[in-house]
Every structure is written in C-alpha cells, then in structure tokens.
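Thanks, everyone. Please have a look at the model on the screen. I'll keep this short.

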Amino acid sequence: MDLISKGWFSEVQDDLWPGQSFSLKVKEVLHKEKSEFQDIQVVETETYGRCLILDGIIQCTTRDEFSYQEMISFLPLCCHPNPQKVLIVGGGDGGVAREVVKHPLVKEVHQVEIDDRVVQVSKKYLPSMACGFDSEKLVLTIGDGFEYMKNHKNEFDVIITDSSDPVGPAVSLFHESYFELLKQALKEGGVVCSQAGSFWLDFDYVKKTMKGCSLHFPKVGYAVTSVPSYPCGHIGFIIGSLDANRKLEKPAKKFEKSEIDALNLKYYSSDIHEAAFTLPRWVEKHFYE
C-alpha cells in the first residue's frame with residue numbers, strides 16, 4: 001500500500017474521521033512491510049521526526065510522542081495508591097513501557113503485544129521509545145491480550161491498553177466485553193486505562209465506550225491530552241477504578257517538580273493530572289449527567 005504522494009503522507013480514514021486528513025512532509029521512507037496483522041511503515045518527516053504508521057494511521061512521532069506515552073501511563077499509575085504490578089496490552093513501540101518502569105512504586109511490568117514485527121521495527125527505527133523494552137522490570141510476551149488475561153486473573157494493580165484505533169486487530173479492545181476481561185485480571189482496587197479517541201471526532205463512540213467500562217467499574221472518568229500529530233491534535237483516555245471511592249482526578253501519588261525532572265517527564269505533572277479530567281461543559285454534561 002503506497003501511502004506517500006508527491007513527498008507527503010496524508011492520513012485519510014473515512015470510517016473514523018471522515019472529511020478530514022492530516023499530512024506530513026516526508027524526507028525519507030525508512031521502512032515498509034506488511035506483517036501478519038497490519039501494514040507497517042516508518043518515515044522520516046521534515047518537522048515531526050520519525051513517524052510510525054500502522055494501516056495508514058499515525059501511531060506516534062518522535063516530536064510529540066511523550067505527551068501521549070506519559071499520560072496514558074502516569075494517569076492510571078497515579079490513580080492507584082500502590083501500583084506494584086502492571087500489565088500493558090499493546091504498545092509495541094515501547095513508549096508506554098519506557099514510562100511505566102519510571103514510576104518508583106512499580107516493581108514488575110508485563111506486556112503482551114500481538115505483532116512482533118512492530119516491536120522489532122521500533123527497536124531498529126524508534127530506539128528512543130523501544131528502550132522501554134530494555135528494563136529489567138519488564139517481561140514481554142508476543143501474543144493475544146485476550147488469551148493472556150484469561151490465564152492471568154486477579155494479578156495486576158494497573159492495566160494499560162495502548163491500542164491503535166478501533167479498526168483492524170484493535171477493534172475488539174473497545175468492546176464492553178473487553179472491560180469485563182480487564183476487571184477479572186485486576187486485583188482488588190485495581191485501575192485500568194485505555195486509549196479512547198477524541199470527543200471532537202466521535203462523541204457517541206467515546207460515550208458508548210465509557211458506558212461499557214462503567215458496567216464493570218464503579219468509578220469511571222475521561223481525561224485528555226494534546227498530541228499535535230493525532231486527528232484534531234487531541235486524544236482521550238478512559239480510566240476505570242474498582243475502588244468506588246477513588247477520586248480519579250486527585251492523584252494518589254503527587255510528584256514534586258524536582259521528582260518530575262528526575263523522572264524525565266516532559267508533559268505529565270500532578271497539576272496536569274487534575275487538569276486532564278476537566279472537560280468542556282457540553283462534554284461533561286453528556287458524559288456524566
């Protein structure tokens with residue numbers, strides 16, 4: 001599949017965000033292949049650094065990836081008072097693993113990624129993210145996340161689902177039954193976080209996903225971050241807690257600025273954590289009232 005035209009890559013996805021596209025000027029195509037599961041491409045862009053593209057959709061660029069990786073990791077980690085054992089579902093570029101292992105309370109991280117080729121391509125072309133695979137805290141399993149969790153019940157404090165958008169191999173990760181599986185794999189008081197799309201693009205789909213989560217988690221919230229290379233420059237996360245009294249917008253672990261700098265966090269902070277749950281009135285009204 002040729003995604004480059006006249007030196008530009010344009011992300012066109014009529015099913016997920018019809019009527020719009022985001023384009024990046026390409027300096028060089030570094031890698032292109034079709035794995036068992038998806039089309040994989042890495043390009044060097046003029047202004048966003050290296051870019052990983054799966055099935056024609058931008059997954060990350062080295063210019064702005066940290067805002068996504070840090071928030072999908074530290075939001076749920078800091079919603080839990082003691083996140084010692086963590087599971088990552090997806091995240092084949094290694095960015096989430098890189099962030100999760102930074103948390104001082106995290107002792108053990110397990111990751112299950114279905115497509116080994118994404119891992120290997122990321123190790124070669126995106127080492128600043130794939131360095132997450134080098135941590136001694138991490139155990140990587142190549143396989144199906146559903147099957148993995150069926151065999152690992154009541155094990156994890158936090159589960160983070162770093163999936164691509166709801167097309168292709170990732171579509172099942174947005175269904176209500178998936179949240180039931182997450183619940184079964186958690187310990188008491190556990191927390192989950194899933195990439196949940198943007199309310200600007202598909203308000204009803206985000207609300208439907210939140211409803212699916214709330215059928216299994218007594219406390220559910222939606223938080224946002226800014227990622228310029230994503231559609232609308234915006235993406236959200238659904239966070240669920242098995243602790244009905246947990247105030248998701250109030251981090252259980254607060255970091256001082258000196259700690260944030262020591263952890264090399266560029267986007268996340270305890271103030272950003274609280275602000276991320278503050279939604280526009282029209283969204284708040286329809287999500288929570």
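This is a predicted model: local features need pLDDT of at least 70, side-chain atom pairs count only at pLDDT 80 or more; totals for chains, interfaces and linings use all residues.

The protein chain has ten helices and 13 strands. What about overall dimensions? Along the principal axes, the C-alpha atoms fill a box of roughly 55 × 45 × 40 Å. The radius of gyration is 18 Å. A compact globule of 289 residues would have one near 19 Å, so the chain agrees with that expectation.

Next, packing. How many of the 289 residues are buried, as a percentage? The figure is 57%. Now take contacts between residues at least 6 apart in sequence: 67% of them join residues at least 24 apart.

The accessible area of the protein chain is about 12,500 Å². Carbon and sulfur atoms account for 48% of that. As for charge, the chain carries 32 positive and 42 negative charges. Their mean positions lie 4 Å apart.

Now the serine. Ser23 sits in strand E3, which covers residues 21–34.

One last distance. Ser23 and Lys257 are 234 residues apart in sequence. In space, their C-alpha atoms are 35 Å apart.

That's my part. Over to you.

Definitions and conventions. Residues are numbered from 1 along each chain as its sequence is written. Side-chain values use heavy atoms; hydrogens and water are left out. Helices (H or I, at least four residues) and strands (E, at least two) are DSSP runs, numbered from the N terminus. The radius of gyration is taken over C-alpha atoms; the globule rule is 2.2 Å times the number of residues to the power 0.38. Buried means under 20% relative accessible area, exposed over 50%, partly exposed in between (1.4 Å probe, protein chains only). Contact means heavy atoms within 4.5 Å. Accessible areas come from the Shrake-Rupley method with a 1.4 Å probe; for residues, only the protein chains shown count as cover. Lys and Arg count as positive and Asp and Glu as negative; His and the chain ends are not counted. The place of a charge is taken as NZ of Lys, CZ of Arg, CG of Asp or CD of Glu.
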